[in-house]
Amino acid sequence: MAPPAEVLAVRGLSKSFPGVRALDDVDLTLHPGEVHALIGENGAGKSTLIKLLTGVYRPDAGDIVFQGRTVSFGTPLEAQKAGISTIYQEVNLIPLLSVARNLFLGREPRNRFGLLDSARMNREAEEALREYGVRVDVRRPLRTLGVGAQQMVALARAVASEARIVIMDEPTSSLEPREVETLFSVIRRLRDEGIAVVYVSHRLDELYAVCDTVTVLRDGRRVHHGRLAELDRLSLVSTMLGRELGEVRQEGLTKFTGDHHATDSRPVLEAVGLTVPHKLNEVSVSIRPGEVVGLGGLLGSGRTETAKAISGALATSSGRVTVAGVPLRGGSTPAAIRAGISLLPEDRKSEGIVPGLSVRENISLAVLPRLSRFGLVSEARVDSIVDTFIERLRIKASSPQQKVGELSGGNQQKVLLARWLAMNPKVLLLDEPTRGIDVGAKAEVQKLVDELAADGLGVLLISSDLEELIEGSDRVVVLKDGAVVGELTGDEVTEDKLMRTIAGHAPEKDAVEEAASDG
Amino acid sequence: MTATKTDAPVAPAGDGKQAAATEPVGSARSERLSALVQQHGALAVLVVVSLVASFSFDSFATGDNVGNMATSSAFLAIVALGMTFVIITGGIDLSVGSLFALGGVLAAWGSRHGTLVALLLPLVVCGAIGVVNGLLVARSRLAPFIVTLAAMLGARGLMLALTDEGANTYLIGKGSFLAELGQGTTLGLGNPVWITLALFVAGAVVLRRTRFGQHVYAVGGNEDAAALMGAPVARTKILVYTLSGVLAGLAGALNAAWLASGVTILGNGMELDAIAAVVIGGTLLTGGLGYVSGSLVGVLLLRVIQNVINQVGSLDSSYQQVVSGAFLALVVIAQTWLGRRRQLL
């Protein structure tokens with residue numbers, strides 16, 4: 001066999017799930033000692049590709065040739081034994097088992113009676129971890145270590161099992177900067193030892209710091225591959241998001257009117273210096289009544305976390321939120337709701353609707369305490385509120401008694417919206433309000449957002465749909481790695497400008513200063 | 001940047017903070033102490049209660065009383081040993097009480113065909129029911145609670161069918177090897193006690209020093225992670241339910257040998273006593289953490305409390321259950337508190 005043979009050659013890999021073509025005819029080649037960046041937005045197919053490589057899923061079509069042999073792994077164990085190790089974004093180890101036993105699970109050193117050799121295991125674990133800058137008592141339960149140290153144990157485990165390929169799925173999302181440096185030195189050592197690394201991350205700085213080559217996935221297809229050095233940041237972002245640079249802004253693609261006559265009055269919401277360890281760093285956002293403020297940024301940049309921190313669903317280590325000038329006690333969702341903040345969560349299935357309950361019950365769920373006296377609910381008042389919102393939001397249900405689970409995605413979203421509007425909020429936080437709903441319903445929801453802003457609500461809009469974000473927002477605050485990197489106002493609110501800001505192509509000075517002085 | 005100051009100075013953009021790679025908060029000594037209490041707290045209580053009882057009641061620390069307590073604890077202890085494995089994987093086995101009764105009847109029934117049949121029959125039948133439990137839990141992904149509840153009802157039904165609704169009691173002939181196994185003594189202690197001790201030593205070695213044992217902990221600690229780390233999750237589950245079934249059958253057979261007959265009314269509620277003993281012994285009901293030695297101590301503690309209440313003549317023996325219940329509640333509260341302290345929960 002030829003010496004510079006690739007260690008992995010993936011040809012025409014496809015995988016479908018009911019209703020979705022998750023991966024479509026994707027190729028991927030890895031050479032020994034290559035550090036390969038795998039990037040793409042939400043739903044691009046990165047996870048599916050990784051799961052196909054590691055035996056979690058079976059491909060519908062295509063070949064995986066590993067070290068010259070066509071392989072078909074049935075389980076993660078088979079992949080691991082063959083030499084493909086994976087470390088996951090969330091630490092996947094056993095929290096109650098000791099550090100050493102976690103490190104050696106499945107390949108424990110045994111004495112001549114076939115019993116585990118604890119002393120040797122602890123000694124070797126200590127030695128192995130020292131290389132990763134982790135000095136702990138390896139007999140302690142893993143759970144008692146910090147998240148960063150746990151991630152290092154996972155890394156040591158993956159590397160120690162004689163891997164030929166190590167797949168790292170957002171390994172740095174819970175690491176401190178110092179630990180990221182340690183990780184990079186490990187990656188470089190792996191490269192020198194001829195091990196191929198697949199590196200998944202949304203942090204552009206990291207990609208350019210360690211990766212040699214890149215594959216960009218979008219909507220399940222490979223849209224770019226090659227050397228990373230030959231692709232500048234801006235092109236990388238535009239390839240990932242599927243937007244040509246300088247593409248003419250087309251009006252009328254969405255139902256936003258784009259003009260909300262934001263008043264000059266005081267902000268209805270002011271969030272200053274919100275910090276959540278590993279997630280947000282001094283994020284500040286302010287919204288005036290009647291204004292739609294967009295949150296821009298790539299997946300994992302801290303958009304959802306910002307909304308959750310504002311609504312009290314995510315505890316902050318520092319920062320404050322004021323609603324109409326009144327400070328809010330942090331980390332409490334009920335307090336945020338009382339103050340007039342409503343969050344429409346990203347995942348409406350798990351965090352929002354109750355499918356088995358009726359439209360009426362779903363709408364009145366949050367407002368019930370306000371409609372009751374001495375613990376008894378006034379049915380008439382519930383009816384009047386429910387009827388009002390069904391009409392105002394144009395919810396299409398056979399009757400208020402229809403189960404929400406039977407409605408379309410768009411109508412479910414409207415029911416959720418109605419639930420929060422019934423609370424008379426001052427601020428509405430919308431996290432991906434149109435994801436997963438059909439085009440017609442999407443337009444209706446967009447129109448509603450417009451109307452609500454026109455009524456004087458402050459709206460925070462999070463959307464991965466660039467058109468929606470650009471056309472729907474009066475201003476866009478751009479996040480990157482959990483921090484505000486710029487703010488687009490007025491004529492700057494364009495896709496082009498947004499992508500440049502995300503890519504870190506020095507945004508206009510005043511935009512940076514404005515964002516900074518905002519805090 | 002004026003009004004935003006919180007009590008602590010804000011670290012500049014994430015660095016400068018102490019990374020978590022060294023010793024985390026909470027001193028290692030306090031963690032060791034909590035771990036010690038969690039693992040050996042029940043033992044300390046057992047020693048204290050026993051000491052107090054032996055000073056208070058003349059008849060407590062006698063050879064006869066201790067020997068009786070030890071032998072009568074042996075059967076529950078064997079059942080609790082299997083239960084420990086199941087609970088560490090995060091499961092539960094409610095069928096063991098019925099399997100205990102079924103095992104006793106099968107042993108007595110089989111004793112007419114020789115000792116080998118009398119011993120093997122309960123192990124094979126109860127083990128087979130354990131395999132079915134394990135398969136349903138691991139492969140069909142049914143809740144262990146429901147699966148083993150069904151097995152509990154089924155096994156008791158099978159036992160009643162074998163004994164004509166309990167009308168037939170099979171006897172074990174005097175002087176047979178089986179009777180000797182149950183009733184005889186070695187070095188002053190009943191044979192079942194020695195068998196139990198041997199099983200617990202073996203159980204401890206299996207749990208702490210074999211790969212299977214590591215998988216038991218891994219499956220209970222984080223099933224998804226265990227699967228991703230390559231642990232055979234389904235096989236491990238099937239094995240622990242099988243083990244639990246076999247041990248329950250063995251305990252029943254030994255108990256029948258001790259009583260010289262397959263008594264059909266035994267084993268009701270035994271699964272709950274076994275679970276109580278395991279939890280008292282420091283095993284987490286949520287799985288992932290536990291010790292077989294603790295389960296043995298848990299069984300002894302339950303038995304000693306029962307004995308003490310019997311010694312206090314004025315106390316109705318029904319109160320024994322009240323005390324056991326209250327004690328169990330206290331233990332679970334203490335375990336939870338210790339677990340949180342150790343950041344395990």
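Tutor: Helices (H or I, at least four residues) and strands (E, at least two) are DSSP runs, numbered from the N terminus. This is a predicted model, where local features need pLDDT of at least 70, side-chain atom pairs count only at pLDDT 80 or more, and totals for chains, interfaces and linings use all residues. Residues are numbered from 1 along each chain as its sequence is written, with chains lettered from A and ligands numbered from 1 in the order in which they are written.

Student: How much helix is there in residues 74-102 of chain B?

Tutor: That span is 76% helix and 0% strand, with its end C-alpha atoms 18 Å apart.

Student: And how far apart are the end C-alpha atoms of residues 114-136 of chain B?

Tutor: They are 34 Å apart, and the chain there is 96% helix and 0% strand.

Student: Switching to chain A: in what order do the four strands of the open sheet come?

Tutor: The order is β2-β1-β4-β5 (chain A), with antiparallel pairing; two strands pair if DSSP finds at least two bridges between them.

Student: Which are the edge strands?

Tutor: β2 (20-30) and β5 (69-70) of chain A, each pairing on one side only.

Student: How many bridges join β1 to β2 in chain A?

Tutor: Seven, with β1 (residues 8-17) of chain A running antiparallel to β2(A). Across from Arg21(A) in β2(A) you'll find Ser16(A).
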